[in-house]
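Have the viewer open as you read.

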Amino acid sequence: MFELLGIPPQALFGQLLIGLINGSFYALLSLGLTVIFGLLNIINFCHGALYMMGAFVAWLALQHFGLGYWAALFIAPVVVGAFGIVLERTMLRRLYKLDHLYGLLLTFGIALIVEGVFRNEFGASGLPYVIPDSLTGARNLGFMVLPNYRAWVIALSLFVCLATWYVIERTKLGAYLRAATENPTLVQAFGINVPRMITLTYGFGVGLAALAGVLAAPIYQVSPLMGSNLIIVVFAVVVIGGMGSIMGSIVTGFLLGLIEGLTKVFYPEASATVIFVILALVLLWRPQGLFGRRS
Amino acid sequence: MKTLRSLGLAAILALAAGPAHAQWSDGTIKIGVLTDMSSLYTDLSGAGSVLAARFAVEDFGAAAKGMKVEIVNADHQNKADVGSTIARQWYDVDKVDVIVDTPNSGVALAVTEITREKNKVFLVSGAASSALTGAKCSANTVHWTYDTWALANGTGRAIVRTGGDTWYFLTADYAFGHQLEADTENVVKEMNGKVLGKVRHPLNSSDFSSFLLQAQASKAKIIGLANAGGDTVNSIKQAAEFGIVAGGQNLAGLLVFITDVHSLGLKTAQGLIFTEAWYWDANDTNRAFAARFSAANKGIHPTMIHAGVYSAVTHYLKSLEALKNDADGKAVVERMKATPTDDRLFGKGTIRADGRKIHDMYLFEVKKPEESKKPWDYYKLRATIPAAEAFRPIDKGDCPLVKKG
Amino acid sequence: MAAPPVTRSDTSFRTQAIVFAIMAVALAAAPAAIYPVFLMKAMCFALFACAFNLLIGYVGLLSFGHAAFFGMASYVAAHAAKVWGLPPELAILAGTAAAGGIGAVFGAIAIRRQGIYFAMITLALSQMVYFFCLQAPFTGGEDGIQAVPLGNMFGVLDLKDTTTLYAVVLAIFLGGFLFIYRVIHSPFGQVLKAIRENEPRAISLGYSVDRYKLIAFVLSSSLAGLAGATKALVVQLASLTDVHWSMSGEVVLMTLLGGLGTVFGPVVGAVVIIAMQNYLAQLGSWLTIAQGVIFVVCVLAFRRGIVGELGRLMGKRL
């Protein structure tokens, strides 16, 4: 059995790295959620379902069209993003002026429908998706064996997260986006099509979820249930980071991955709960979240 | 109106004067398949179990024997209270005589209590808990296909015997996982093996790499997976990714179904060793059953749970045919225990006083991809565990029905 | 003294009294036509939804952790009846008290937050309760506490008789319902509504808002506990399902479907959802889809819920 002092530092290092890998999923997913929340004021409860959908699109592309992993990395976000755009145009759009609660309830309903349909179609035990040949294998880092695929996951998600942050916080497009969050009427007056920008943002946010889904497909089973357990954890990540804060959700995503990884060593039974303990503590101490601005 | 009533009367008379002179409460034998139709266990039981029950009724030739059999089914959603409400309602209102299948031990334990209270019959195929024939056993319940003890015993014994004498457990942190772990640990220790450690993960974890690294660090020869469903599948998948098997350690799945292997794919699952009660490709009758089954079930081949439902329903109907009365559940189960079982899927067997159905169990190894010749050709037989050794000795289960000698 | 002019709230009261009478009579007569165990379960969930509605409908606080009260109370009641051998009335009381106690702790922590933060903090706390229930030995893990004995209520009412049990559950439900109605229409309830409409204003009027909210929270959690404890006796088991966060989601669904902030809405919503789970159980995953569709349709087209829309058509508050 492991004890606090009984762990060689090398093993601990390995666990921390693993935590970071899981954190990269949290970061990707919470980033999408937070972008959507920031601009649309919608708490997107169907994020988990769309993440699952991304994995399924990858699987279907391989089964029916022979399109492999690399193609899926592009196709899945596009397909799911398009689906998201349809959702936004037909349903979410009507809720912007209402309380947050309604957006949450609507997307919760959508999540139930999407998951139910996939479960009906593909069963519940999940489908296999193999790691692409170029990323199989593992390298020995001395303190642990790191599968190449995991290294790729961490690299790609870091890149995507930072690129998103850069675009939103440092470019002109991002400036419009942020301005539209604060005062849509004014931005509209500048001749920018705000509704279209909102639609595309939603499509982008859920596209990120789909991308995470494709990344997850070779590691986990492609299963209709894969998103439903993840969603409330990611939700907690967003709130801890501060709702609407881009950097907050990225940093918190990785950070919580690390903390969860440590819990898995010292008190594994609690590893699914620790995030909620932190959530409660953070909300008590800093209601606006770690990186959120006080409103 | 008058003619209608007399018609009805005539029908009742005709039934009463039927060939068997049987006493069916309300005229029909009603079988309720209570299972998981929407979640974790859908593929390994679910609609397939309903199908298996229907085949059993057809093959038995119930209609030709003058027995009117009807099958109803419901989804317990893996919620004990939903399951128990349905069970109560079936017994009280819908005149269901027997409930079958019921994966998920929590729901099965609840249904056992209700069946006892209403004096009906409960034939368990899907649930695993050995408590069903142990401390919680009932004179109205028969546990058909497998249980945690049989799995732990079969797999644990075989692996220790072939040199896998140091173990590390990856256990789902709930009662079922604990029981599976404890049962296996006993077997390992009894055979002078060692348990080097264990880690308990929350139910439905998605990432197992951290737990697997801990298992790897323990240097145990065998990593025992005391979990089920998606948890098992994900642990096996990620163990392959981290090169655990390549590094010389072996995985022992304690509860694996053929649908799990199908979902993993042979490339990942190859070499896995586990215990099951039935395999579709074992002989011609099984193959014929599988062909008929999969044709009606989206190509999914039958699991041991499906076969168990078929076998249990067949024996139930046979016992009713002899007994000619289905009103007293306890008497029906007594009759079932008194008659040796014999059906085309499980062959000959018996039911013990504690409600445990006894038959051979099999130790399987998952084939390498190149060994698989056709779809669903996944297992090779490693050993047959004879019926006498396959299940927990009757005096070790603390079942109140068994008189201590 | 001349009769005061009939005001809108008077006619609403009259309608509500009539609807209540119809509901009581219908529930008393229903076992003749509908399976009583189903009705009892539906009543437990109806009370649960009413308790939840007290918070969201009248204080404007969305709790996403009400499963903790409902489930914990059912564990405590089941444990009290089975292991301690307490009679049913004390078992139910113990469950209710436990829920009220947890509610006081949750409330003290959560009420200073609003909106989504309130929802998240209640979710976080209820996840901890779930973890506790999973780990604590007395809950029996995922097998739950099975075969809860029914016993004699007050020493005379034999609950093993379904009719007696039904009468008791009906009494508990109607009692709880009237209590909530009384609370809503008391001066206390008026202050709650004032807080919901405009919190800063309520503060400036000198109300200690936090205390009012806390009391409302404790009341809501205790009543949710009463519902959970009663349910443990009705279905004779307590299980993890009742503490899981999806149960918190389900009660939101019931209340939303029936009508947020309506008196009878939660009852209607609960009955519809429980009936779907019970009578459409053979549909499997289509049931999940149907529930999702209800959510979507409610939010897009019937934000007032079934009862809210009916009330609007009739021009009455129901």
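In chain B, 11 residues of domain 1 are in contact with 11 residues of domain 2, where contact means that the C-beta atoms, placed from the backbone, lie within 7 Å.

## What you're looking at

This is a predicted model, in which local features need pLDDT of at least 70 and side-chain atom pairs count only at pLDDT 80 or more, while totals for chains, interfaces and linings use all residues. Residues are numbered from 1 along each chain as its sequence is written, and chains are lettered from A and ligands numbered from 1 in the order in which they are written.

Overall, the model scores ipTM 0.85 and pTM 0.88. Chain C averages a pLDDT of 89, with 97% of the residues at 70 or above; pLDDT is the predictor's confidence in each residue, from 0 to 100. Residues 1-7 of chain C stay under 50, and the model has 1 contact for them beyond four places in sequence.

## Chain B as a whole

Chain B comes to 14 helices and 15 strands, counted as DSSP runs from the N terminus (helices are H or I, at least four residues; strands are E, at least two). The radius of gyration of chain B is 22 Å, in agreement with the value near 22 Å for a compact globule of 405 residues; it's taken over C-alpha atoms, and the globule rule is 2.2 Å times the number of residues to the power 0.38. Along the principal axes, the C-alpha atoms of chain B fill a box of roughly 80 × 50 × 35 Å.

Buried residues make up 63% of chain B (buried: 20 or more other C-beta atoms within 10 Å of the residue's own, placed from the backbone).

## How the chains meet

Between chains A and B, 35 residues of chain A are in contact with 36 of chain B. Helix 1 of chain A gives the most to the chain A side, with 5 residues. By class, that side of chain A has 21 nonpolar, 11 polar and 3 charged residues.

Chain C puts 31 residues in contact with 31 residues of chain A. Here helix 5 of chain C supplies the largest share of the chain C side, 12 residues. That side of chain C divides into 21 nonpolar, 8 polar and 2 charged residues.

## Helix 6 of chain C

Helix 6 of chain C (residues 162-184) has 23 residues and spans 33 Å from first C-alpha to last, close to the 33 Å expected (1.5 Å times one less than its number of residues). Its buried residues include L165(C), Y166(C), F173(C) and F177(C). Among the elements covering the buried residues of helix 6 are helix 2 (36-58) and helix 9 (209-234) of chain C.

How values were computed
A residue is buried if 20 or more other C-beta atoms lie within 10 Å of its own, exposed if 12 or fewer, and partly exposed in between; C-beta atoms are placed from the backbone. Two residues are in contact if their C-beta atoms, placed from the backbone, lie within 7 Å. Ala, Val, Leu, Ile, Met, Phe, Trp, Tyr, Cys and Pro count as nonpolar, Asp, Glu, Lys and Arg as charged, and the others, Gly among them, as polar.
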